[in-house]
Amino acid sequence: MSSKIKNPALAEEGSLKIEWAEAHMPVLMALRRRASKNRPLRGVRIGGCLHVTKETAVLVRAIRGAGGEAVWCGCNPLSTQDDVAAALAKEGVSVYAWRGLSTSEYYWCVRQVLDAKPQVTLDDGADLVFTLHKERKEQVSRVIGGTEETTTGVHRLRAMAEQGRLKYPIIAVNDAKVKSDFDNIYGTGQSSLDGILRATNVLLTGKNFVVAGYGHCGRGLSRRARGMGANVVVCEVDPLNALTAAMDGFRVMPMAEAASVGDIFVTATGCKDVITAKHLRRMKDGAILCNTGHFNVEVSVKDLEGLARKKREIRPNNMEYTLRNGRRLYLLAEGRLVNLGAAEGHPSEVMDMSFATQFLSLVYLCEKGRDLQPGIYPVPEEFEREIAETKLETMGMRIDTLTRDQDRYMRDYETGT
Ligand code: NAI
């Protein structure tokens with residue numbers, strides 16, 4: 001097994017982190033125990049392009065425990081936890097990932113995974129699938145199927161499918177309720193604040209906290225920032241989501257107005273150029289900027305660099321830009337995912353559900369993928385129920401069950417007033 005990581009000496013530290021994550025991911029661990037008996041992924045090589053975190057390592061161990069082979073790279077230049085990468089490499093996983101990759105190194109790592117000729121792809125952002133379709137056309141027919149972890153990746157893959165460019169079936173793990181209603185909302189909400197605090201340690205209470213995008217991630221963030229006492233302002237392009245934000249009690253305004261109001265800005269849209277020069281020029285001295293959307297295109301770093309007369313790293317993951325107008329703006333984690341660049345990503349408890357969904361989807365693909373046409377598929381509903389039920393159980397919670405009579409009533413149309 002070959003690997004390229006930053007420092008093998010970090011393996012012990014990484015193993016401890018993985019152990020901690022395992023203790024907080026009971027659903028995935030239960031699936032792993034079950035799969036270690038019948039080994040449903042036996043002989044299948046899975047190419048993963050997903051943040052190399054302690055939670056991902058638990059997923060990788062589950063894949064291997066189920067008989068699969070994992071070949072891995074990160075899906076973002078700043079999100080690899082080098083100790084976890086070292087621990088995985090020591091366990092014999094082929095892992096090509098380190099924190100602080102250049103773009104060419106990033107794609108070198110992606111290509112190493114493709115060189116291993118995976119039969120199943122597990123992607124987060126669709127870089128692996130896109131590169132495979134663009135550069136390795138001869139390999140595509142051998143792929144059984146894939147899964148996609150995030151909103152932006154599903155958008156890209158849908159666009160490929162609509163143009164007839166996607167050549168194998170992909171399960172949109174992101175779109176499962178058991179994933180996006182928890183991971184994107186609570187996971188991104190908490191971990192993005194964690195990233196902001198680690199990079200700045202500013203007091204949130206009393207601050208004007210601007211959130212761009214009131215989708216899953218934006219909702220989680222806004223609610224959590226309010227919980228910490230911030231005055232949250234929401235910027236949106238979708239009238240329904242903007243209305244929801246207003247009725248949830250947040251101020252809603254365009255970015256052009258919010259720019260001069262905000263103390264902290266977080267983009268969570270999956271769109272590009274949400275904050276550009278025209279906004280940056282209006283910002284207060286000391287404003288803090290960051291992004292939690294998948295790619296580093298939401299805050300225009302190019303515009304910030306263009307307006308600045310000097311820059312220096314004032315704290316880890318916190319770059320101070322002094323503009324020609326004399327104001328100082330602070331960009332966290334280079335405008336990349338702040339929760340992974342400046343903190344550790346989502347807590348294990350919530351990744352438990354996302355990765356349990358991934359795991360069941362991988363098993364499903366190995367069993368049924370050959371019968372599926374190219375395209376985007378939802379996670380089978382029964383997996384969502386199973387994961388939610390197991391999660392509740394592990395949280396020590398029980399729920400009610402419909403009686404036979406209630407069940408009949410709910411499906412009846414004759415009983416009215
Ligand atoms: P979503 O589709 O639920 O929400 C996005 C929202 O942004 C929508 O309400 C949309 O109307 C709004 N929006 C789009 N363009 C905008 C613009 N120019 N200005 C203002 N609002 C705009 O998507 P979700 O699930 O919240 O994901 C958002 C991004 O976060 C994606 O890139 C996704 O891949 C990423 N993500 C990041 C995570 C992390 O760990 N940091 C975890 C999960 C998702």
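In this predicted model, an N or O atom in the side chain of Asn241 lies 2.7 Å from an oxygen atom of the ligand. This is a polar contact (a pair of N or O atoms within 3.5 Å; within protein, one must be able to donate a hydrogen and the other to accept it, and residues adjacent in sequence count only if both atoms are side-chain atoms). Thr150 places a polar side-chain atom 2.7 Å from a ligand oxygen atom. His294 contributes through its backbone, with an N or O atom 2.9 Å from an oxygen atom of the ligand. The protein covers 86% of the 860 Å² of accessible area that the ligand has on its own (Shrake-Rupley method, 1.4 Å probe; for residues, only the protein chains shown count as cover).

The shell around the ligand holds 26 residues, each with a heavy atom within 4 Å. Thr150, Thr151, Thr152, Glu236 and Asn241 come nearest. By class, the shell has 8 nonpolar, 16 polar and 2 charged residues. Here Ala, Val, Leu, Ile, Met, Phe, Trp, Tyr, Cys and Pro count as nonpolar, Asp, Glu, Lys and Arg as charged, and the others, Gly among them, as polar. Residues are numbered from 1 along each chain as its sequence is written. Local features need pLDDT of at least 70 and side-chain atom pairs 80 or more, totals for chains, interfaces and linings use all residues, and side-chain values use heavy atoms, without hydrogens and water.

An open sheet of 7 strands runs in the order E3-E2-E1-E4-E5-E6-E15, with parallel pairing. Strands are DSSP runs of E, at least two residues, and helices are runs of H or I, at least four, numbered from the N terminus. Pairing requires at least two DSSP bridges. Strands E3 (94-96) and E15 (375-377) stand at the edges with a single partner strand each, so one side of each lacks a neighbour in the sheet. The twist averages 20° from one strand to the next. Strands E1 (45-49) and E4 (120-123) are joined by 4 bridges. Ile46 stands opposite Val120 in E4.

Helix H3 (54-65) lies across E1, E2 (69-73) and E4, at about 155° to E2. Helix H5 (103-115) touches E1, E2 and E3, at about 165° to E2. Contact means heavy atoms within 4.5 Å. Axes are lines fitted to C-alpha atoms, for helices over the stretch in contact, and angles run from 0 to 180 degrees between N-to-C directions.

Elsewhere, strands E12 (308-315) and E13 (318-323) pair antiparallel over 6 bridges. Lys310 stands opposite Thr322 in E13. Their hairpin has 2 residues between the strands, and Asn317 takes a positive phi near 60°.
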